[in-house]
Amino acid sequence: MKAKEISVIVRTNASMNLSTLFRAPSPLFPPPHSTATSRTNATENIAIEGRNLNFSITTRQGKVVPILQDCSLRIPSGQFWMLLGPNGCGKSTLLKILAGLLSPTGGTMYVKGPKSFVFQNPDHQVVMPTVEADVAFGLGKFNLTNDEVRSRVSKALDAVGMSNYLKRSVQTLSGGQKQRVAIAGALAETCKVLLLDELTTFLDESDQFGVIKAVRNSLDSSEEVTALWVTHRLEELEYADGAVYMENGEVALQGDAASIMSYIRARQSAYIKQINS
Ligand SMILES: Nc1ncnc2c1ncn2[C@@H]1O[C@H](COP(=O)(O)OP(=O)(O)OP(=O)(O)O)[C@@H](O)[C@H]1O
Ligand SMILES: [Mg+2]
């Protein structure tokens, strides 16, 4: 029952466009990816922009604890970006702020809508008994004909490689397949931004790459979809166009995937040298 409640909240938020609440006045950084530079109006082609986002909590004793400090990031439309960093550095908090699930205590942001937030636990994603019904779940509000619903469901399942599972009971799916059905639900609702929080944590290797390839394919089959994917798994960076690296509640670096990979590897070797010395 709890799982259903969570998914309903997510699907409801997927249709909300909070971009007007926190619109960044202008791009902060030079375009981080080559496709952005080739376009004439960079602002129009940005899907996600956060500018000096802050988030803090107040303890029962009245002490203010900063969680995010001046986080700025800028992600071009149509790209697959990853958000990495050590445990507790603030990745999920930043993603929830971008999704509109948490309000920042400071800063501005722009996120193209509609957007969808997909949680880590695959069992929190599915709400209906069959794959077909689950993907169609969020389409009620669009006043579509049955044929239009069928067409959207079919196209979305195709994008995540789940066309053959249309009539399957969701309970018989693996964790990764459930995640792919959740992503198909967002695509069927024509979500422009997918915010994905550690989807592969509970998955085995085959499911892990099934989900990541599904996201990559969804972006490749529609230039309009942008994804921000939180992960701890460095090997997943191979599928990314760019990445943001966080430390201690701050964005330490953002850039192309190869540069972020080198940065993290260099930090890991420095750490290993330090503990061996
Ligand atoms: N509601 C809250 N109350 C108190 N502390 C919180 C709350 N939400 C987050 N935090 C703290 O904020 C920090 C950032 O949490 P967050 O979950 O964003 O980190 P994360 O980078 O996603 O970590 P992980 O990799 O473990 O998922 C952590 O130290 C966490 O304990
Ligand atoms: Mg997290």
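This tour moves through a predicted model, going from its sheets and helices to the ligand shell, the core and a few backbone details.

**The six-stranded sheet**

Begin by selecting the strands of the open sheet whose order is E5-E6-E7-E3-E8-E9, a set of 6 strands with mixed pairing. At the edges stand E5 and strand E9 (250-256), each with a single partner strand, so one side of each is left without a neighbour in the sheet. The twist of this sheet averages 15° from one strand to the next.

Within the sheet, select strand E3 (residues 80-84) together with strand E7 (residues 226-230), which pair in the parallel sense over 4 bridges. To find a bridge by eye, pick methionine 82 and look across to tryptophan 229, its bridge partner in E7.

**The three-stranded sheet**

Next, select the open sheet of 3 strands, where the order is E2-E1-E4 and the pairing is antiparallel. Strand E2 (64-76) and E4 are the edge strands here, each pairing on one side only. On average, and with direction ignored, neighbouring strands of this sheet are turned by 20° against each other.

Strand E1 (residues 46-58) pairs with E2 in the antiparallel sense over 9 bridges, and one place to look for this pairing is leucine 53, whose bridge partner in E2 is cysteine 71. Helix H3 lies across E1, E2 and E4, with a direction at about 120° to E1.

**The shell around ligand 1**

Keep helix H3 in view and select ligand 1. Which residues are around ligand 1? They are Ile57, Ile67, Gly85, Asn87, Gly88, Cys89, Gly90, Lys91, Ser92 and Thr93. Helix H3 (residues 91-99) contributes 3 residues, the largest share of this shell.

**The largest nonpolar core**

Now turn to the side chains of the interior. In soluble globular proteins, nonpolar side chains tend to be buried together. The largest nonpolar core of this model has 71 residues, and the members that touch the most other members are Ala184, Leu194, Val215 and Leu228. Helix H6 supplies 7 residues of this core, the largest share.

Centre the view on leucine 194 and show its contacts: leaving aside residues up to four places away in sequence, leucine 194 touches Ser116, Val118, Ile183, Ala186, Val215, Val225 and Ala227.

**Backbone details in the loops**

Select glycine 113 and proline 114, and check the peptide bond between them, which is cis, with omega near -5°; proline 114 belongs to the loop between strand E4 (106-111) and strand E5 (115-118).

Move on to threonine 190, in the loop between helix H6 (175-188) and strand E6 (193-197), where phi is near 55°, a positive value in a residue other than glycine.

The last stop is glutamate 198, in the loop between E6 and helix H7 (205-221). Its phi is near 50°, again a positive value in a residue other than glycine, and with 19 C-beta neighbours inside 10 Å, glutamate 198 counts as partly exposed, given that a residue is buried if 20 or more other C-beta atoms lie within 10 Å of its own.

Note on methods:
Residues numbered from 1 in each chain as written. Chains lettered and ligands numbered in written order. Predicted model: local features only at pLDDT ≥ 70, side-chain atom pairs only at ≥ 80, totals over all residues. Helix = DSSP H or I, 4+ residues; strand = E, 2+ residues; numbered from the N terminus. Buried ≥ 20, exposed ≤ 12 C-beta atoms within 10 Å, placed from the backbone. Core = buried A, V, L, I, M, F, W, Y, C linked by C-beta atoms within 7 Å. Contact = placed C-beta atoms within 7 Å. Pairing = 2+ DSSP bridges. Axes fitted to C-alpha atoms, helices over the stretch in contact; angles between N-to-C directions. Near = placed C-beta within 6 Å.
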